[in-house]
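I would ask you to look at the sequence and the structure together while I guide you through them.

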Amino acid sequence: MDKSIASSLFKALGDESRLKIVKILYKTDEICACKFLDFVSCGQATLSHHLSVLLKSDLIKQKRDGKKIMYSCNKSLINDLMNFFQKECECKGEIK
């Protein structure tokens, strides 16, 4: 993973509510948009903004299921980001 990509992903995760959304999705298969208001303390418009930021960064995915919009985590990208961070932290004595 490129450092600039990692940086933009960390920026998208830089909000407590967005981090919580990704954490919830990482632990579940998928969740309806309406359920997020039970977990994240914000209004509908703010939640919509958070979901939009996460979608644009590709950290989450969405699909329509009838009238519902279902969200899931892009676990592959999250795992790549965690591996990138772990490798960066393992650089002993190096400052990059």
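This is a predicted model: local features need pLDDT of at least 70, side-chain atom pairs count only at pLDDT 80 or more; totals for chains, interfaces and linings use all residues.

**A walk through the fold**

Leu 51 belongs to helix H4. Leaving out residues up to four places away in sequence, Leu 51 touches Ile 21, Phe 36, Ile 60 and Tyr 71. Lys 75, by comparison, is 24 residues from Leu 51 along the sequence, and their C-alpha atoms are 16 Å apart.

Let us now step back to the whole chain. How many helices and strands does the protein chain have? There are five helices and three strands. Read from the N terminus, the order of these elements is α-α-β-α-α-β-β-α. The C-alpha trace spans about 50 × 25 × 20 Å along its principal axes. Of the 96 residues in the chain, 31% are buried. Among contacts with a separation of 6 or more, 57% are between residues 24 or more positions apart.

I turn next to the surface and the charges. The protein chain exposes about 6600 Å², and carbon and sulfur atoms supply 52% of that area. The chain carries 17 positive and 12 negative side chains, with the centres of the two sets lying 4 Å apart.

The sheet is our next subject. In what order do the three strands lie? They form an open sheet in the order S1-S3-S2, with antiparallel pairing. Strand S1, residues 31-32, and strand S2, residues 60-65, are at the edges; each has a single partner strand, so one side of each is left without a neighbour in the sheet.

We can follow each pairing residue by residue. S1 and strand S3, which covers residues 68-73, pair over two bridges in the antiparallel sense. Here Ile 31 stands opposite Tyr 71 in S3, and Cys 32 stands opposite Met 70 in S3. S2 and S3 also run antiparallel to each other, and their pairing comprises six bridges. On this side, Lys 61 stands opposite Ser 72, while Asp 65 has Lys 68 as its bridge partner in S3. S2 and S3 form a hairpin with two residues between them, and Gly 66 in the turn has a positive phi of about 70 degrees.

Ser 72 deserves a moment of its own. This residue lies in strand S3. Is Ser 72 buried or exposed? Its relative accessibility is 18%, and because the limit for buried is under 20%, Ser 72 counts as buried. Apart from neighbours within four places in sequence, Ser 72 is in contact with Leu 25, Asp 29, Glu 30, Ile 60 and Lys 61. Ile 60 is also among the residues that Leu 51 touches.

How do the helices lie on this sheet? Helix H2, residues 16-27, lies across S1, S2 and S3, and runs at about 85 degrees to S3. Helix H4, residues 44-56, lies across S2 and S3, running at about 115 degrees to S2.

Between H4 and S2 there is a loop, and Asp 58 lies in it. What is particular about the phi of Asp 58? The angle is near 70 degrees, a positive value in a residue other than glycine. In general, most residues other than glycine have a negative phi. At 41% relative accessibility, Asp 58 counts as partly exposed.

Finally, I would like to look at helix H5, residues 75-89, where Phe 85 has its place. With a relative accessibility of 47%, Phe 85 counts as partly exposed. Phe 85 and Ile 60 are 25 residues apart along the chain, and their C-alpha atoms are separated by 19 Å.

To close, I return to two residues. Thank you for your attention.

Definitions and conventions:
Residues are numbered from 1 along each chain as its sequence is written. Side-chain values use heavy atoms; hydrogens and water are left out. Two strands pair if DSSP finds at least two bridges between them. Helices (H or I, at least four residues) and strands (E, at least two) are DSSP runs, numbered from the N terminus. Contact means heavy atoms within 4.5 Å. Axes are lines fitted to C-alpha atoms, for helices over the stretch in contact, and angles run from 0 to 180 degrees between N-to-C directions. Buried means under 20% relative accessible area, exposed over 50%, partly exposed in between (1.4 Å probe, protein chains only). Accessible areas come from the Shrake-Rupley method with a 1.4 Å probe; for residues, only the protein chains shown count as cover. Lys and Arg count as positive and Asp and Glu as negative; His and the chain ends are not counted. The place of a charge is taken as NZ of Lys, CZ of Arg, CG of Asp or CD of Glu.
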